[in-house]
Amino acid sequence: MADPVEILVASRNAKKLEEMQRILREHLVEIAVLGLDDVTPYDEPVEDQPTFVGNALLKARAGVAATGLPTLADDSGLCVDALNGMPGVLSARWSGPPKSDHRNNELLLAQLADVPDERRTAYFTCAVAVVLPDGTEQVVEGRMDGRIIREVRGAGGFGYDVLFEADDAPGVTTAELTPADKDAISHRGKALREIAPLVADLLR
Ligand SMILES: O=P(O)(O)OP(=O)(O)OP(=O)(O)OC[C@H]1O[C@@H](n2cnc3c(O)ncnc32)[C@H](O)[C@@H]1O
Ligand SMILES: [Mg+2]
């Protein structure tokens, strides 16, 4: 039997990578989904673009240039209405280096301390880009609407999940959902389920 086609998922975030591999493996059954730890290390780009789409393309292009493998990358973040869309593309490193989910969540609570419940709306967004060695590029986006609560709750997920209640799963944070329940409603789940058939077609 021929070796399976390989794709690289270029993320340094172990929890995000786990979500991506879980969703992709379900939808791309005959494709081997590798992570950055499965390939020779390369210089990863600085995520300096003003948009999620721009950063996702940057990460995917760098992966394909370094490895020669079709590469998928996710750039995602939390956009809070009362903060004019911040932290947005800066979500991962909002509270400064070294990257810390805990400090980011403390900062979010502090920034929203005086914001009343009805104005604590926010959404997660995710751009997923796939780039092939022949230069073909595709990008899709997914979104999950919800609100920011006042105390962290839950042990699942990552990042700001402990402070986010999705409109599609009210009363619990996305850190309290099972992995499958988060994938079913998440920005990342939506984007990856949309791009998976495109990837399958491109690799055929
Ligand atoms: O760039 P890579 O290496 O993929 O990993 P990263 O963590 O730096 O990823 P991003 O640059 O895309 O930043 C995304 C940040 O947005 C937040 N975020 C994105 N998706 C999330 C989710 O599903 N749940 C909670 N927080 C999320 C979280 O703080 C992430 O670190
Ligand atoms: Mg990043």
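What percentage of the 204 residues of the protein chain count as buried? In this predicted model, local features need a pLDDT of at least 70 and side-chain atom pairs count only at pLDDT 80 or more, whereas totals for chains, interfaces and linings use all residues. Residues are numbered from 1 along each chain as its sequence is written, and chains are lettered from A and ligands numbered from 1 in the order in which they are written. The buried share is 36% of the 204 residues, where a residue is buried if 20 or more other C-beta atoms lie within 10 Å of its own, exposed if 12 or fewer, and partly exposed in between, with C-beta atoms placed from the backbone.

The protein chain holds five helices and six strands, which are DSSP runs numbered from the N terminus (helices H or I, at least four residues; strands E, at least two). Read from the N terminus, the order of these elements is β-α-β-α-β-α-β-β-β-α-α. The radius of gyration is 17 Å, close to the 17 Å given by the globule rule for 204 residues, so the chain is as compact as a globular protein of that length; the radius is taken over C-alpha atoms, and the rule is 2.2 Å times the number of residues to the power 0.38. Along the principal axes, the C-alpha atoms fill a box of roughly 60 × 30 × 25 Å. Among contacts with a separation of 6 or more, 59% join residues 24 or more positions apart, two residues being in contact if their C-beta atoms, placed from the backbone, lie within 7 Å.

Helix α5, residues 187-203, has 17 residues and reaches 24 Å from its first C-alpha to its last, close to the 24 Å expected, that span being 1.5 Å times one less than the number of residues. A kink of about 30 degrees lies at Ile195, shortly before Pro197, the bend being the angle between axes fitted to the seven residues ending there and the seven starting there. The buried residues of α5 include Leu192, Ile195, Ala196 and Val199, and their cover includes β1, α1, β3, β4, β5 and α4.

Asp75 lies in strand β3 and counts as buried because it has 27 C-beta neighbours inside 10 Å. Leaving aside residues up to four places away in sequence, Asp75 touches Glu47, Phe52, Asn55, Ala56, Lys59 and Ala127.
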